[in-house]
Amino acid sequence: MLFDPFISPNPLASSIKVGDIKPDYMFISHGHQDHIADAVSIASQSGCTCIGIWEITQWLQAQGIENVHPMNIGGSREFDFGTVKMVNAIHSSSFPDGSFAGQPAGFVIHNTEDCFYYAGDTALHQDMQLIPRRYKLKCAFLPMGNNFTMDILDAIDAARMTGTHTVIGMHYDTFGYITINHEEAHRAFQSAGINLHLLKIGETLTL
Ligand code: NI
């Protein structure tokens, strides 16, 4: 599974070869350039199934990508790996040309062994409390770079609301607007009793 590929325009990810990436599924949370930059090239080289909100999948089809699965907020769908539920995110969403990209989204993905929440770009919001009513998360991917999304303290609140004890940080350090102090982040999560992983580009984590 691949989420929101922003690789070739990202100097931090220059060691990653986009041409080698062949996922089975690609999830797109919203239309911003720093989430879809490599979506079309990876989708066409891999033939992967692209999952996103209706407007995103329509846009991909207009770029010649046929293998798409449209969803919308609140809906869930079974795939061969498990079930995807598309959940609310509070952010904006437009394509690089400024056209409407639908509503931004997050995903809860689960099967009998695993369950995780990929929040996309979002503010902290109360709907996150709905997730543990139905799902027992093993981990959550949460943005925490501030300025465009939640900051570290909001991400700790989001972890509490969603009931997860393990967080993988996202959306930090890529641009000057969103650099974070890693030590401070680790300290804050530690005192909240939540595991935080801030992965290096290309790093692997086994949970
Ligand atoms: Ni965004």
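Which residues coordinate the nickel ion? Select the ion and look around it. His30 (NE2), His32 (ND1), His91 (NE2) and Asp121 (OD) coordinate the nickel ion, at 2.2 to 2.3 Å. Keep in mind that this model is predicted.

Stay on the ion. The four donor atoms subtend angles of 89 to 177°, which makes the arrangement irregular. Along the sequence, the donor residues follow the spacing H-x1-H-x58-H-x29-D. Histidine 91 and aspartate 121 link distant parts of the chain, 30 residues apart. Histidine 91 is in the loop between strand S6 (82-88) and strand S7 (105-110). Aspartate 121 is in the loop between strand S8 (115-118) and helix H4 (131-134).

**Next stop: aspartate 121**

Select aspartate 121. Is this residue buried or exposed? Its relative accessibility is 2%, so aspartate 121 counts as buried. Histidine 91 has 23% and therefore counts as partly exposed; the cut-off for buried is under 20%.

Aspartate 121 has no salt bridge. The nearest side chain of opposite charge, lysine 85, is 21 Å away. Now show polar contacts. The aspartate 121 side chain makes one with the side chain of histidine 30 (3.2 Å). It also makes one with the side chain of histidine 91 (3.2 Å). Other residues in contact with aspartate 121 include Ser29, His35, Pro143 and His171.

**Next stop: helix H5**

Select residues 152-162, which form helix H5. Begin at its start. There, a side-chain oxygen of aspartate 151 reaches to within 3.2 Å of the backbone nitrogen of leucine 153. Then colour the buried residues of H5: Ile152, Ala155, Ile156, Ala158, Ala159, Met161 and Thr162. What covers them includes S8, H4, strand S9 (139-143), strand S10 (166-170) and helix H6 (182-192). Just after H5, find glycine 163, with a positive phi of about 80°.

**Last stop: the salt bridges**

How many salt bridges does a search of the whole structure find? It finds three.

- Select aspartate 114 and lysine 138. Their side chains meet at 2.8 Å, N to O. Aspartate 114 lies in the loop between S7 and S8 and lysine 138 in the loop between H4 and S9, so the pair ties together parts 24 residues apart in sequence.
- Select arginine 160 and aspartate 157. Their closest N and O atoms are 3.8 Å apart. Being three residues apart in helix H5, they are separated by about one helical turn. Arginine 160 is exposed, at 52% relative accessibility, while aspartate 157 is partly exposed, at 32%.
- Select glutamate 183 and arginine 187. Their closest N and O atoms are 3.6 Å apart. Both lie in helix H6, four residues apart, and both are exposed.

Note on methods:
Residues are numbered from 1 along each chain as its sequence is written. This is a predicted model: local features need pLDDT of at least 70, side-chain atom pairs count only at pLDDT 80 or more; totals for chains, interfaces and linings use all residues. Side-chain values use heavy atoms; hydrogens and water are left out. Donors are N, O and S atoms within 2.8 Å of the metal (3.2 Å for Na, K and Ca); water is not among the atoms, so sites may look incomplete. Four donors count as tetrahedral if all angles lie between 85 and 135 degrees; four count as square planar and six as octahedral if opposite donors are over 155 degrees apart and all others between 65 and 115; anything else is irregular. Helices (H or I, at least four residues) and strands (E, at least two) are DSSP runs, numbered from the N terminus. Buried means under 20% relative accessible area, exposed over 50%, partly exposed in between (1.4 Å probe, protein chains only). Contact means heavy atoms within 4.5 Å. A polar contact is a pair of N or O atoms within 3.5 Å; within protein, one must be able to donate a hydrogen and the other to accept it, and residues adjacent in sequence count only if both atoms are side-chain atoms. Lys and Arg count as positive and Asp and Glu as negative; His and the chain ends are not counted. A salt bridge is a side-chain nitrogen of Lys or Arg within 4 Å of a carboxyl oxygen of Asp or Glu. Lists of a residue's contacts leave out its neighbours within four places in sequence.
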